[in-house]
Amino acid sequence: MLYEKKRIITHRSIWLILLLLGIIIPTIIAYAPPKDVEIIDDNGYIINYYESLNETNCEIEVIFNTNVDSGYITVAFYDDNDKLLSKEEKHFYGYGNTLSSTFFIDGKVDSYEILDYNNISVSNDAEFIAIQLFIYADIFIFSFFIASLLLSYKTYKYNDFDIIIYAGWYHHYLKVNGTKMDEHNTLISFTAIPLSCTLDDGTELNATITKSNRISLKINNQLYT
C-alpha cells in the first residue's frame, strides 16, 4: 500500500474512532443506572440550649455515598434519659455528599437517631459537566474528521515515471519515482497550490491542488489524466 494512502486511512480511522468514542462515552454516562443512595455517616451539633424556653437549637449533618442535592430525612431526638423528645421529618439541603438541616426541639437534647430518609435527589453536576466537555470535544473532533475526508492523493504513470501528488492538511508535495520534487507546506491557503518540476527528459510537470484538495496535473501544458 502506498505511504500516502496509508497515511490518509490512518488519519480518517483515528478521527472516526475518536468521534465514536466521543458519542458513546457521554451516552453511557447519561444513561448509566443511578447509584443506590445510602447514608455512610452522620453528625449532630448542639448550637444552643435556651434554658428559659427549654428549647434546643441543633444541627444534623448527614453524609451519603454519593453527591446529593436535597431530600427528606426523619430524625428522633432524646434527652439524657433516652426519652423521646420529638420525631421530625425535615427537608435537608447541602452540597457534595452532605446534607444538613437545623432543628428547634422542645426540651434539652442529649442524643439523636436517623430514622428514615426518602426522596433524596442525587446530584448530576459532575455528569453534566463531563457531557458538556464531550460535546465541545466532539465538535472539535468532528471538524477534524470532516477535514480528514478532504485529504487526497493521485498517482500517474507517464512513460517510466511514477508520479504521486499528495494533498494533506499541511503537507502538499509532488513525487516522481519516490523522490520528492516539489513541496508546499501551509495550514491555510486562500488560493490554489501549484507544484511543478522538470523530468530528466525535459518534460514539464505542473500540478494544481485546489482549496478543497482536488488535484489536477498538466504535462507539457496538456491536462493529463
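I count a salt bridge where a side-chain nitrogen of Lys or Arg lies within 4 Å of a carboxyl oxygen of Asp or Glu. With that in hand, I looked up glutamate 183 and lysine 180, whose side chains meet in a salt bridge at 3.4 Å, N to O.

A note on what I am working with: this is a predicted model, in which local features need pLDDT of at least 70 and side-chain atom pairs count only at pLDDT 80 or more, while totals for chains, interfaces and linings use all residues. Residues are numbered from 1 along each chain as its sequence is written, and side-chain values use heavy atoms, with hydrogens and water left out.

**Salt bridges**

How many salt bridges does a search of the whole structure find? I get three.

For accessibility I call a residue buried under 20% relative accessible area, exposed over 50% and partly exposed in between (1.4 Å probe, protein chains only). Glutamate 183 is partly exposed at 36% relative accessibility, and lysine 180 is partly exposed at 41%.

Next I checked lysine 157, which forms a salt bridge with aspartate 162, their closest N and O atoms being 3.0 Å apart. Lysine 157 is partly exposed at 47%, as is aspartate 162 at 39%.

Then I turned to glutamate 4 and lysine 175, which form a salt bridge at 3.2 Å, N to O. Glutamate 4 sits in helix α1 and lysine 175 in strand β9 (residues 171-176), so this pair ties together parts 171 residues apart in sequence. Are these two buried or exposed? Both glutamate 4 and lysine 175 are buried.

My helices (H or I, at least four residues) and strands (E, at least two) are DSSP runs, numbered from the N terminus.

**Helices α1 and α2**

The axes of α1 (residues 3-31) and α2 (residues 125-149) come within 9 Å and cross at roughly 160°. That makes α1 roughly antiparallel to α2 (angles over 145 degrees count as such).

Contact means heavy atoms within 4.5 Å. Among the residues making this contact I noted Trp15, Leu19 and Ile23 of α1 and Phe134, Ile141 and Phe145 of α2.

**Histidine 184**

Last, I looked at histidine 184 in strand β10 (residues 179-185). Histidine 184 is partly exposed, with a relative accessible area of 32%. Leaving aside neighbours within four places in sequence, histidine 184 is in contact with Tyr170, His171, His172, Ile193 and Leu195.

Notes:
Axes are lines fitted to C-alpha atoms, for helices over the stretch in contact, and angles run from 0 to 180 degrees between N-to-C directions. Angles under 35 degrees count as roughly parallel, over 145 as roughly antiparallel, 65 to 115 as roughly perpendicular and the rest as oblique.
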